[in-house]
Amino acid sequence: MQLDHMNISVPAALLDTIRDFYCHILGLTQGPRPEFGIPGYWLYDTNGSRAIVHIIESDNHTPPDMNHLDHVAFQTDDLDAVRAKLEAQAIPYGHLDLPDFNLEQVQFTDPAGIKIEINSYPAE
């Protein structure tokens with residue numbers, strides 16, 4: 001079993017903002033999406049092989065403080081580039097260095113209030 005994708009449901013006014021955020025900060029790319037009769041986007045991983053973030057228009061969503069989902073995590077080989085993009089956009093973030101696990105993490109919040117974690121496993 002593996003995670004296939006995450007879906008973000010936002011009001012129409014946030015659709016483009018969320019798309020642009022994930023494309024710019026995480027390097028995802030907008031790609032083909034089936035016609036569902038609801039506006040939205042599919043964002044593909046950095047090699048363009050899979051749509052890993054789905055975004056749909058919806059007025060039926062709950063604020064993050066009422067949600068049981070704590071965060072969504074992605075993996076990168078270039079954590080410095082992610083930090084540079086966050087800093088360029090003045091997006092606050094936290095950083096953890098966990099050398100016993102060969103792991104570095106950056107945590108921040110997207111424009112819809114979803115906590116995002118970016119993991120990097122530096123070469124030993």
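Let's start with a pairing: Gly40 has Ile56 as its bridge partner in strand β4. Keep in mind that this is a predicted model.

Gly40 opens onto the next point, the strand pair. Strand β3 covers residues 40–44. β3 and β4 run antiparallel, and five bridges join them. Between the two strands of this hairpin sit six residues. Look at Gly48 in that hairpin. Its phi is positive, near 75 degrees.

Now the other partner of β4. Strand β1, residues 6–10, also pairs with β4. Here the sense is parallel, again over five bridges.

Buried here means under 20% relative accessible area.

Next, a single residue. Please move to Asn119. Asn119 lies in strand β8, which spans residues 115–120. Is Asn119 buried or exposed? Its relative accessibility is 9%, so Asn119 counts as buried.

What does the side chain of Asn119 touch through a polar contact? The partner is the side chain of Glu117, at 3.1 Å. Both ends of that contact are side chains.

Then the wider surroundings. Set aside neighbours within four places in sequence. Asn119 is then in contact with Ala73, Phe74, Gln75 and Thr76, and also with Leu103, Glu104 and Gln105.

To recap: β4 pairs with β1 in the parallel sense and runs antiparallel to β3. Asn119 is buried, at 9%. That's my part.

Technical notes:
Residues numbered from 1 in each chain as written. Predicted model: local features only at pLDDT ≥ 70, side-chain atom pairs only at ≥ 80, totals over all residues. Heavy atoms only, no water. Helix = DSSP H or I, 4+ residues; strand = E, 2+ residues; numbered from the N terminus. Buried < 20%, exposed > 50% of the residue type's maximum accessible area, 1.4 Å probe, protein only. Polar contact = N/O pair within 3.5 Å; in protein donor to acceptor, adjacent residues only side chain to side chain. Contact = heavy atoms within 4.5 Å. Pairing = 2+ DSSP bridges.
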